[in-house]
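This report describes one protein model, part by part. The sequence and coordinates come first, and the account follows.

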Amino acid sequence: MSHNPSIAMSIAFAALLLALPVSRAARAEDFAPATFTGSDGKTIPYRLFKPNEYDAKKKYPLVIFFHGAGERGTDNARQIGNGMDVFAKPENQAKYPCFIVAPQCPGEQQWVNVPWGDDTEVQPAEPSQTLRLSMELLDSLQKEYSIDSKRLYITGLSMGGFATWDAITRWPDRFAAAVPICGGGDETKAEKIAKLPLWAFHGSNDDVVKTHRSRDMIAAMKKAGGNPKYTEVPNVGHFAWGAAYSDPNLITWMFAQSRK
């Protein structure tokens, strides 16, 4: 049999590829299911991702993710994906090892008790039960694990975008950075978060949550002396989170932020 160099090279190249590490997407089983019981006895299901090779002697950032209306329920599974999993991808964890927590809102409730289609909103006097439980959950995780209190990050989409705006204006000194996506907030509260590093996203053609809701919050922050980032995704409706979470600059920017 005659020797064929091209075949030999192909075999060698194939062997090399098999030997290389393969990047994979984050999986649902990477996020441990659990249920948190709040101070009032109410419960909320959540998923938690812990950094690989977690070392209690080190301090780790944490990302809290608020899902949209379509992921509500009690199965503690539907909130996996749609963005939160990007932070758990091996290539991102290699650069930015962090905790990721994703509470799940019950089907009949909201993160913020306001209509989503309105032109503006007045922040309710008290946080919703689900948002309060989520903040108590965050308190609990900070006591249990070695989490860097100066590097807590908050993000959410649609209904979770409202949660992000509501949470940062209620607890303006808690988070190092915020990424609200296709949500809205109370513009009169923007002064509280003027100096908070924030990057908002919204689709230019959103017919579920009006695009001007993000524009108005950004304008109010700037009027109060802030310098927030804003990306309006052209020719996109409500699905702005696809562009947001696939932007590699977002993760780099977010993990560079730290509270002083």
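## Ser128 and its surroundings

The side chains of Ser128 and Thr130 make a polar contact of 3.1 Å; a polar contact is a pair of N or O atoms within 3.5 Å, where within protein one must be able to donate a hydrogen and the other to accept it, and residues adjacent in sequence count only if both atoms are side-chain atoms. This is a predicted model, in which local features need pLDDT of at least 70 and side-chain atom pairs count only at pLDDT 80 or more, while totals for chains, interfaces and linings use all residues. Residues are numbered from 1 along each chain as its sequence is written, and side-chain values use heavy atoms, with hydrogens and water left out.

Ser128 sits in the loop between β4 (99-103) and α3 (129-144). Helices (H or I, at least four residues) and strands (E, at least two) are DSSP runs, numbered from the N terminus. Ser128 has a relative accessibility of 5% and therefore counts as buried; buried means under 20% relative accessible area, exposed over 50%, and partly exposed in between (1.4 Å probe, protein chains only). Leaving out residues up to four places away in sequence, Ser128 touches Gln110, Trp111, Val112 and Asn113, where contact means heavy atoms within 4.5 Å.

## Overall make-up

The protein chain has seven helices and eight strands. Of its 260 residues, 50% count as buried. Among contacts between residues at least 6 apart in sequence, 72% join residues at least 24 apart.

## Nonpolar cores

In soluble globular proteins, nonpolar side chains tend to be buried together. A nonpolar core is here a set of buried Ala, Val, Leu, Ile, Met, Phe, Trp, Tyr and Cys residues joined through side-chain atoms within 4.5 Å. The largest such core has 42 residues, of which Leu62, Leu141, Trp165 and Ile168 touch the most other members. At least two residues of this core come from each of β2 (43-49), β3 (60-66), β4, α3, β5 (147-157), α4 (159-170) and α5 (212-223). A second, separate core of 31 residues includes Ile80, Ile181, Trp199 and Val233.

Beyond four places in sequence, Leu62 is in contact with Phe99, Val101, Leu138, Leu141, Ile147, Arg151, Leu152 and Tyr153.

At 1.5 Å a residue, the 12 residues of α5 should span 16 Å, and the end C-alpha atoms are 16 Å apart, which agrees; the expected span is 1.5 Å times one less than the number of residues. The buried residues of α5 are Arg213, Ser214, Met217, Ile218, Ala220 and Met221. They cover an arc of only 160° around the axis, so they lie on the same side of α5; the arc is that of the directions from the helix axis to the C-beta atoms. These buried residues pack against α4, β7 (199-203) and β8 (229-233). Gly225, which follows α5, has a positive phi near 100°.

Arg213 also has a polar contact of 2.7 Å, side chain to side chain, with Glu121. Glu121 belongs to the loop between β4 and α3 and is buried, with a relative accessible area of 8%. Apart from neighbours within four places in sequence, Glu121 is in contact with Val112, Val114, Phe162, Gly184, Gly185, Asp186 and Arg213.

## Loop residues and backbone angles

Two residues other than glycine can be described together. Asn76 has a positive phi near 55°; Asn76 lies in the loop between β3 and α2 (90-95) and is buried at 7% relative accessible area. Ser158 also has a positive phi, near 55°. Ser158 is in the loop between β5 and α4, and its relative accessibility of 10% makes it buried.

Glu29, in the loop between α1 (5-19) and β1 (32-37), counts as exposed at 57% relative accessibility. Glu29 and Ala77 are 48 residues apart in sequence, with a C-alpha to C-alpha distance of 9.8 Å.

## Cysteines

How many disulfides does a search of the whole structure find? The search finds zero, a disulfide being a pair of cysteine sulfur atoms within 2.5 Å. Cys98 is buried at 0% relative accessibility. Cys105 is buried, with a relative accessible area of 0%.
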